[in-house]
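Good morning. I will go through one structure today, part by part. Please have the sequence and the model open while I talk.

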Amino acid sequence: MSAAVETPFRRLVSEFSTSPVAVGAGIAVVLIILAATFAEFVVPQNPYDLASLNILDGSLPPMSEGFEGNYYLLGTDEQGRDMFSAMIYGLRTSLLVSFIAVTSAVLIGMTLGMFAAWRGGWVESLIMRIVDIQLSFPALLVALILLAILGKGVDKVIIALIMIQWAYFARTTRGAALSEIRKDYVMAARCTALGQMRILFRHVLPNCLPPVIVIATVQIANAIAIEASLSFLGVGVPITEPSLGLLISNGFGYLLSGRYWISFYPGIALLLTLTCINLVGDQMRDVLNPRLHK
Amino acid sequence: MTQPVLSVRNLTTEFHTKAGIVRAVDGISFDVGPGEVMALVGESGSGKTITGFSIMGLIDEPGKVVDGEILLNGQNLRGMSEKKLQGLRGDRIAMIFQDPMMTLNPLLRIEEQMVETVLAHRDVSKARAREMATEALALVGIPSPAERLRNYPHEMSGGMRQRVVIAIALMLEPDLIIADEPTTALDVTIQSQILSEMQKLMAERNTALIWVTHDLTVVAGLAHKVAVMYAGRIVEYADVDPLLDQPIHPYTSGLISSIPSSVPRGQTLRQIPGMAPSLLNLPKGCSFQPRCFAASEQCGVSRPDETNVDGVRRYRCHNPLEVA
Amino acid sequence: MLAYLIRRLGQSVLVMSVMATIVFFGLYMVGNPVDLLINPEDDLAAQEAAIARLGLDQPILVQFWHFLQGVVQGDLGTSFVHNQPALELILSRLPATLELAAFAMLLAVIIGIPLGMFAGLYPKSPVSKGIMAGSILGFSTPNFWQGLMLIMLFAVFWRVLPAGGRGETAELFGIPFSFLTLDGLQHLFLPALNIAIYKISLVIRLSQAGTAEVSLQDYVKYARARGLSTRRIVGTHILKNILIPIVTVLGLELGSVLAFAVVTETVFSWPGMGKLLIDSIGLLDRPVVVAYLMLTVFLFVVINLVVDLVYSLLDPRIRTKGKNA
Ligand SMILES: Nc1ncnc2c1ncn2[C@@H]1O[C@H](COP(=O)(O)OP(=O)(O)OP(=O)(O)O)[C@@H](O)[C@H]1O
Ligand SMILES: [Mg+2]
């Protein structure tokens, strides 16, 4: 009997597994992350080491063989760059940027959200007003304006993403924290200064985590999409560290001449990544949403 | 004997849920003649509403009428095409739903909901349909009906809305009305007022009425026949007076003695002990046996068959109360 | 109600001023438009004259002061690049964007609602499952790439629709529109579809959930009990009830259409506000960016107000409340 201990974590995992689609998507997400992390070992060519490019292999369609017998699964671009390699490297940039941005946004948003819920009064009103106003504008537009001010660069994109995403987490955290803070025992414990921190970290914080995790998952997908759009519009990452969005943008020019693969495959990679993350996020919401549990 | 308006034979309705099969209506039979009022009485969850929906052909997934016959003027409604049923619903059979606050569409004026009902069944002009609606509202005692037609449901009180729904049921002069506790949401004075008005109309128009209620007090002055339901079955069926005077089934007796007026002043009311059983795991034998004061060993073993007393009165019980 | 309106308007004015301030000073720190705008081959006097003409030689606070004065008078500065009042420039591009947005919304509603209602009415049908899966895909597909793929399919491979531009326009009330000519419609279709696909997915989701929920309501069963036809029940009783959240969300989404329009207009070279913004950011055309922002905030305020009004029109329960208040 000892083997079948029902930890909450186990329960969540088993509930998550009820949807084969979500499990498939989850596995795909893990594979994508692994491939991006160990890009050097996965791809045949370092796409940004000019020495390894062969200009004679330029603009080859997918599944063709190069001048020196290299095999190009997804074809090459103008400079003879292997698109598969470029795609995996681009994936890495995309994932890294959005991961850093969302993690920072979670930290900032949770801190402000908890602070608002705990302090109440005008502090809460002020923070929540800013959140409301910011969330009433489309994220992409806000990011675009921010980047118009900040200029190009990976760090600038990350800052812009943090600035558009912290508000979601602040709102969610405050909501979840409030429902816990209103409970009697918290009310009572607030009277003793000693109890405050303890209550905050032992009870209020854990209560905020499930919704924040769900939102964070979806927001990673959003961050990837927004970063890609910004890079496509030419205000995102610089040409030296291309993300998927920039790769697609570069391929735009070749599209009309029929060399579709330069834009097509990075887009598929992007689409696959976003869909899988969204599917995982959907299932997580169902599993973690306490309202759906009887 | 005149042909009954509605004749239900061995009606059985099941819900196939994840937790198992719920037999909400379990082989019930009864007749209702023209101008006759049959009360369908039972505790919450006994299957009264589902009986009504089964007759109307309104049982939705995961539910299904699995057995029996529903004869309306001799025509079997079960297995009838949806198209034909649609023509009968609202026209020949009308149903008044349990909760008057939820039955009318909040976004449509009363007028629109009444007119659409007429137009679904009668080939008349819109103006004529509006006239019929106004007449129907006046019939159920709604003051200045023509203006009321312009109202949205939320602009009316619960009692008003209930009258509107009753008016819609009466409007096309159906042969049968199924009224599912139409008055429980109302306060007592309005309740009795509406009750007597409806009874009068039924008698005048020779309409058959199935009156669903869990309140035996209203049954005495209103119904001709009473069917007592418990856990999906009719456990006792009789003319109203003998049933109230001399209940045969212990459950009927229990229902009667929990009515305040039935007990002499100063004596305590006798409630039926325990709670209605879950239909998912009914007790072995008679479903009522765990709560029954007259239960014997046999009751825990076999389900009682129906015993017919005099051609009308029937009951399902191993230990019927003495008929004096 | 009036007090509420005034409060809302006051708040919007505040938001607009804060935004304008941030953007104005933010943009000032980036690059120097002088380098871009003035021909280095010109002699010094000509250069200085140009700088003076644009007011770029004055201290930033003075420039800001002039800017604020202008805003109050509806003058948002003059585009450095186009040498035309910024607001006028943007307004001249507004019809193209609004046309695109309106057409996209139209597509979203006429495609999304029937599909979503079908999925809500028959949740077990494989068709419904396909519709819902498709809507997930529609949510996840990056807008700009989707645009490229539409171009690739319709313009490059099949050659049935043009790849970009606005096509032939015809004037209505003195404003050029594409939808009035066949050629214009052909040019309009792909960019509008590109914006619409996301909205269609959204509308499908909303109408599916709404239909599934409303179908369980007593009043729908009661409508059936009165013998109404399926068409009447679905088309009136259910549709009216699901329309409220759809209109609300779509109205609020109109704002995000402006954002998506930036991407779509860039992909399809559609000469609207969005493309102008991207070009202006690239060229450091500060007044145009600021003017764009001010106008967008303004549009948002108007949209939100209109949505509130339409909402109360659709729901008589709210309408009465407003009357009593
Ligand atoms: N969709 C369903 N799925 C499963 N079981 C159902 C469903 N609908 C009804 N039932 C079951 O059928 C039984 C009878 O329900 P019904 O609504 O007919 O009771 P009732 O006698 O009308 O009660 P009340 O007096 O509360 O209205 C209930 O026990 C209920 O659990
Ligand atoms: Mg009922």
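We start with a definition: a crossing of two helices is right-handed if the near helix is turned clockwise from the far one by less than a right angle, and left-handed if the near helix is turned anticlockwise. Keep in mind throughout that this is a predicted model.

H5(B) passes H7(B) in a right-handed crossing. Which residues of the two helices meet? On the H5(B) side they are Met132(B), Ala133(B), Ala136(B), Leu137(B) and Leu139(B), and on the H7(B) side Val164(B), Ala167(B), Leu170(B) and Met171(B). Sorted by class, this contact has nine nonpolar residues, no polar ones and no charged ones.

Now to chain A. Chain A has 11 helices and two strands. Along the principal axes, the C-alpha atoms of chain A fill a box of roughly 75 × 60 × 30 Å.

Chain A also has an H5 and an H7, at residues 121-135 and 154-181. The axes of H5(A) and H7(A) come within 9 Å and cross at roughly 130 degrees. That angle makes H5(A) oblique to H7(A). The crossing of H5(A) and H7(A) is left-handed. Among the residues in this contact are Glu124(A), Met128(A) and Asp132(A) from H5(A), with Trp166(A), Arg171(A) and Arg174(A) from H7(A). What classes of residue make up the contact of H5(A) with H7(A)? The count is 11 nonpolar, one polar and four charged residues.

Next, how the chains meet. Two pairs of chains touch, and the pair with the most contacts is A and C. Chain A and chain B do not touch, and their nearest C-alpha atoms are 14 Å apart.

One helix pair links A and C. Helix H11 of chain A, residues 261-288, comes within 10 Å of helix H7 of chain C, residues 143-157, axis to axis. The axes of H11(A) and H7(C) cross at roughly 135 degrees. H11(A) is therefore oblique to H7(C). The crossing of H11(A) and H7(C) is left-handed. From H11(A), the contact uses Ser263(A), Phe264(A), Gly267(A), Ile268(A), Leu270(A) and Leu271(A). From H7(C), the contact uses Phe144(C), Trp145(C), Leu148(C), Met149(C) and Met152(C). By class, the contact of H11(A) with H7(C) has nine nonpolar, two polar and no charged residues.

Now the ligand. Which residues come nearest to ligand 1? Of the 15 residues around ligand 1, they are Ser44(B), Gly45(B), Thr49(B), Ile50(B) and Gln98(B). There are polar pairs to look at as well. A polar side-chain atom of Thr49(B) is 2.6 Å from an oxygen atom of ligand 1. For Glu181(B), an N or O atom of the side chain lies 3.2 Å from a ligand 1 oxygen atom. With Ser46(B), a polar atom of the backbone is involved, at 3.3 Å from an oxygen atom of ligand 1.

Last, two backbone details in chain B. The peptide bond between Glu61(B) and Pro62(B) is cis, with omega at about 0 degrees. Where is Pro62(B) found? Pro62(B) sits in the loop between helix H1 (48-56) and strand E4 (63-72) of chain B. The other detail is at Asn73(B), a residue other than glycine with a positive phi, near 50 degrees. Asn73(B) lies in the loop between E4 and strand E5 (75-76) of chain B.

Note on methods:
Residues numbered from 1 in each chain as written. Chains lettered and ligands numbered in written order. Predicted model: local features only at pLDDT ≥ 70, side-chain atom pairs only at ≥ 80, totals over all residues. Heavy atoms only, no water. Axes fitted to C-alpha atoms, helices over the stretch in contact; angles between N-to-C directions. Helix = DSSP H or I, 4+ residues; strand = E, 2+ residues; numbered from the N terminus. Parallel < 35°, antiparallel > 145°, perpendicular 65-115°, else oblique. Contact = heavy atoms within 4.5 Å. Nonpolar A, V, L, I, M, F, W, Y, C, P; charged D, E, K, R; others polar. Near = heavy atom within 4 Å. Polar contact = N/O pair within 3.5 Å; in protein donor to acceptor, adjacent residues only side chain to side chain.
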